[in-house]
Amino acid sequence: MKNVKITAGSIILILCGLIILSCGGNGGQAKLTWWQFWTDPAIKPTIEKMVADYEATNPGIDIEITDLTWANGHEKIVVAFSSGTAPDIIELGSDWVAEFSYNNQLASMTKDVIEDTAGFFGWTPGIYNNEIYAFPWILGTRVLFINRDLARQAGYDDRFIPVNWEDLRGVCYDINKLGKDIYGFGSNAAEKHRLYKKVLPFLWAQDGTIITENGKYAVFASEKTIKAIEFYKELHDSCSMVDTQRRLEDAFLEGRIGVIISGDWLLKRIKNEGLKINFLTTLIPGPNYPGKSFVGGEYLAVSQASKNKEKAIRFIKYITSKENQLAFCKANYSANPSNKEAARDPFFMDDENLQIFVKQLEMSRVPCATPQWVYIEDIIEKAIEDILFNDAPIADEVYEANSEIQKLIDSQ
Amino acid sequence: MRGRFSGYLFASPWIITFGLFWLFPLLYSLALSFTDYRLMQASYDWVGLGNFVRLFSDKSFLLALKNTFIFVFGTIPFTTVIALILALLIEKNFKGRTIFRSGFFMPSITSMVVIALIFSNLYSRGGYLHILADMIGLSPPENGFLLSSKTALLSVMAMDIWMSVGYYMLLFLAGLKSIPGELYEAAEIAGAGFFRKLFSITLPLLKPVALFIVVINTIKSFQVFVEIFVMTRGNYNTSTAVYFVYESGLNRFEFGYASAAAYILFLIIAGFSIIQFRLFRQDRLT
């Protein structure tokens, strides 16, 4: 009996010791969890190095990285928020910030970052109801890529750049006349989340928009929208190869398309694959120069449930610093850092293509920061699909889409 | 008593799995279909039949439902008839029969995703099927079969027929094997020709197999998803009912709405299955 008591007492003592050790074992160490999407072997080591450097200079902080993929990252984040298991820091696509802010899943960082706003591009998607919920990190805009060889064959000299719609129409038509398997323009197939990004810049170039700034009224039905879609449809019907973005880029690189709209990933592809293609990049033209482009990007946000909000914001500021954004862009050949100081670095200024992306970013815009964007995007893409691929009357589709968007706004 | 307990014990892995992963989600989603539940939403309300009413005024859902019916009624007759013809041809003894049998069955054991990707290329501009159609003067859509609202769904259906016939051919072959040879011998003695034997012996005796094939093919076709997901993502008027459920549930996270759509599909499939089983029962009674 005595032995039993001694054994039980020893076990209790050991357990208590273990509990005390486990409570104090971290010695004040804070663990920050970070979900991010950069899994490419070209860039992941750079991110890991940034994190290691941060941990080395901040001994109390331990960062745990979890990789997400664009195929199902959004689903995982939604499930994590719903089940209360969201990480401290999350990388978000620009379209998602309003959705998560609206659902009270993100912590406001207005007070902590308000002084930084002047030094960074791309705040709009990170702001919801006048509060900043996400910090812009790496942005992405689209520019015009022109195959110089095809343009030359069509009679355009190397100094030619299309500065308005008339120029763009002309060069596309002329290149299209070069041969049976040569196309003037690359027009996107009805790919979800892609098609609207190619058409809306033609609306923005005329200062048109989808909903009013106060978010209360749909203004998609306008002469500007009709004019924008008419112009895109003319290119689509008359001188385009119509295919998925990837196939259009393949055809452009094979010298079968004269003009396409694409992003910095195409520059990266040309560089990484060592492709010998004579091309130039230029700003997307408007009816009268200059036009506007679409901008999206990666944003860093802090979960509302995080117990280390202050530390998380400090880490976000570190990751988005000039040095780190430069290191990131050099490793990934990204063209659009959100940090303005980084964007002025010779790495961008001395490269004529990257420079165009930096310039275009200043003349780009996001669709609209609303939690209902996912539905609005669907409505717009459906209308554009019907117009481009089923020859539906432009005005009818635009007005119907507008009334559906208004219904959505009213139902909120 | 002990025997009964051990019986339950042995069955418990299945019972627990069934209850946890089948029955509970089934009932839970039924309850959700009467609510406006969305992921991330702090609370949700009972909306009664609101989701069902909304579905029947939702153009996307109605289009998805229409496409599903087109898919079902456009594939099942072809799949069944072609599978039957192949089974009749392959049943005969000839050299290399095994090669044909394996060849026809091969698509059924190949991953649907792999087949869908291969066909996406075949259907695209410059793909073999696109070139072939052009050569024989069918004037295919300029940008490929899957990038046109007129041909996208039909193309997915054609691929589905090609992929499914092998499996149903095997079922028909099993049915043919079960027909007693004496019946054919007696018919031949009576002077019956090929068609007489086909319509008086083969087809009537294959009816249970044919009905079985139609039932399982109906259920499978109403649930068409992978092909659409891989090949068109629901674009070019190819969205189907299950794809709609996926979009509403896993893209927009409207679980209540998606559950209601899933239950409408469930009722449709159940209705068709009941009709077909009744036909089957009548056939057995007569």
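In this predicted model, helix α4 (residues 97-109) of chain B packs against α7(B) at an angle of about 115°, and the two axes are 7 Å apart. The crossing that α4(B) makes with α7(B) is left-handed. On the α4(B) side, the residues that meet α7(B) are B:F104, B:F105, B:M106, B:P107 and B:S108. Facing them from α7(B) are B:W162, B:M163, B:S164, B:V165, B:G166, B:Y167, B:M169 and B:L170. Sorted by class, this contact of α4(B) with α7(B) holds 10 nonpolar and 3 polar residues, with no charged ones.

Helix α7 (residues 152-177) of chain B has another partner to look at, namely helix α9 (residues 194-222) of chain B, and here the axes come within 9 Å and cross at roughly 160°. Because of that angle, α7(B) is roughly antiparallel to α9(B). The way α7(B) passes α9(B) is a right-handed crossing. From α7(B), the contact draws on B:Y168, B:L171, B:F172 and B:G175. From α9(B), the residues taking part are B:L206, B:V209, B:I213 and B:N217. The contact of α7(B) with α9(B) contains 6 nonpolar residues, 2 polar ones and no charged ones.

A further helix pair in chain B joins helix α3 (residues 59-91) to helix α11 (residues 241-251), with axes that come within 7 Å and cross at roughly 145°. In α3(B), the residues B:S60, B:F61, B:A64, B:L65 and B:T68 meet B:A241, B:Y243 and B:F244 in α11(B). The class count for the contact of α3(B) with α11(B) is 6 nonpolar, 2 polar and no charged residues.

Taken along the principal axes, the C-alpha atoms of chain B fill a box of roughly 75 × 70 × 30 Å.

Chain A can be followed through its domains. The chain is divided into domain 1, made of residues 31-141 and 296-365, and domain 2, made of residues 143-283 and 372-411. Taken over C-alpha atoms, the centres of domain 1 and domain 2 of chain A are separated by 28 Å. Where these domains touch, 16 residues of domain 1 of chain A are in contact with 12 residues of domain 2 of chain A. On the domain 1 side, at least two residues each come from α4 (97-102), β6 (134-141) and α16 (352-362) of chain A. The largest share of that side, 5 residues, belongs to α16(A). By class, the side of domain 1 of chain A that touches domain 2 of chain A is made up of 6 nonpolar, 6 polar and 4 charged residues.

The chains also meet each other: 15 residues of chain A are in contact with 14 residues of chain B. On the chain A side, the elements giving two or more residues are α3 (73-82), β9 (240-243) and α17 (373-390) of chain A. That side of chain A divides into 7 nonpolar, 4 polar and 4 charged residues.

Finally, a word on confidence in the prediction. Chain A averages a pLDDT of 90, with 93% of the residues scoring at least 70. Chain B averages a pLDDT of 91, and 97% of the residues score at least 70. One stretch of chain A deserves a careful eye: over residues 20-26, pLDDT stays under 50, and the model has 0 contacts beyond four places in sequence for these residues. For the complex, the predictor gives an ipTM of 0.75 and a pTM of 0.82.

Definitions and conventions
Residues are numbered from 1 along each chain as its sequence is written. Chains are lettered from A and ligands numbered from 1 in the order in which they are written. This is a predicted model: local features need pLDDT of at least 70, side-chain atom pairs count only at pLDDT 80 or more; totals for chains, interfaces and linings use all residues. Two residues are in contact if their C-beta atoms, placed from the backbone, lie within 7 Å. Helices (H or I, at least four residues) and strands (E, at least two) are DSSP runs, numbered from the N terminus. Ala, Val, Leu, Ile, Met, Phe, Trp, Tyr, Cys and Pro count as nonpolar, Asp, Glu, Lys and Arg as charged, and the others, Gly among them, as polar. Domain bounds come from an automatic or database domain assignment. Axes are lines fitted to C-alpha atoms, for helices over the stretch in contact, and angles run from 0 to 180 degrees between N-to-C directions. Angles under 35 degrees count as roughly parallel, over 145 as roughly antiparallel, 65 to 115 as roughly perpendicular and the rest as oblique. A crossing is left-handed if the near helix is turned anticlockwise from the far one by less than a right angle, and right-handed if clockwise. pLDDT is the predictor's confidence in each residue, from 0 to 100.
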